[in-house]
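Have the picture open as you read.

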Amino acid sequence: MIEKAYFAGGCFWCITPTFKETEGVISVVSGYSGGDEAFPSYELVKSQKTGHRETVLVEYDGEKVGFEALLEIFLCGVDLSDSEGQFIDRGHSYTLAVYFTDEEQKRATEERIGQIEEESGQKVYVSIEPYKSFYPAEEEHQDYYLKHPEEFEKELIESGRKQTL
């Protein structure tokens, strides 16, 4: 059965590969979630004018990989202590969120974040919000790491994100 998960992890270019390389993941689509404006553009989202976050839609085979495993991949690839964005990307559109599609995803996310906070003694800045909409990003942003490998590698290094992968 195909299931969906939505993760906002800062730059969507940067979190796509970690999910695409996971067994059981069918597709990863870069896009925008969380705002109210229909069909926002990359420039509008990046300018912090829409309330959206850069988000990836992960479609997966629930019999091969579970939501909890995808959640763990997400949480291990971001800076949980940063409330203002991720690495060099600043502003609301780059903040962390899990958009849950059902109560099980919500519960799993709340429990895992609670565990991390308890173990670390620090606040985790991941917003947990109900899924309301997802708008795919423009084609140039899909699979950016495959289309522009050198620029992508440079982005990972210069942003400081390379150390988390």
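1. Start with isoleucine 128. Setting aside neighbours within four places in sequence, isoleucine 128 is in contact with Val98, Phe100, Lys106, Thr109, Glu110 and Ile113. Bear in mind that this is a predicted model.

2. Where does isoleucine 128 sit? Its place is strand β7, residues 126-130. With a relative accessible area of 26%, isoleucine 128 is partly exposed, because that class begins where buried, under 20%, ends. Glutamine 105 is 23 residues away in sequence, and the two C-alpha atoms are 9.7 Å apart.

3. Now look at isoleucine 113, in helix α4 (residues 103-120). Is isoleucine 113 buried or exposed? At 7% relative accessibility, it counts as buried. Not counting residues up to four places away in sequence, isoleucine 113 touches Val124, Val126 and Ile128. From its C-alpha atom to that of leucine 80, 33 residues away along the chain, the separation is 9.5 Å.

4. Next, the sheet. Six strands make up an open sheet with mixed pairing, ordered β7-β6-β1-β3-β2-β8. β7 and β8 (134-136) are at the edges with a single partner strand each, so one side of each has no neighbour in the sheet. From one strand to the next, the twist averages 35°.

5. Within that sheet, strands β1 (residues 2-9) and β6 (residues 96-100) run antiparallel and are joined by four bridges. Phenylalanine 7 stands opposite valine 98 in β6. Helix α3 (residues 67-76) packs on the sheet, touching β1, β2, β3, β6 and β7, and its direction makes about 20° with that of β1.

Terms used
Residues are numbered from 1 along each chain as its sequence is written. This is a predicted model: local features need pLDDT of at least 70, side-chain atom pairs count only at pLDDT 80 or more; totals for chains, interfaces and linings use all residues. Side-chain values use heavy atoms; hydrogens and water are left out. Helices (H or I, at least four residues) and strands (E, at least two) are DSSP runs, numbered from the N terminus. Buried means under 20% relative accessible area, exposed over 50%, partly exposed in between (1.4 Å probe, protein chains only). Contact means heavy atoms within 4.5 Å. Two strands pair if DSSP finds at least two bridges between them. Axes are lines fitted to C-alpha atoms, for helices over the stretch in contact, and angles run from 0 to 180 degrees between N-to-C directions.
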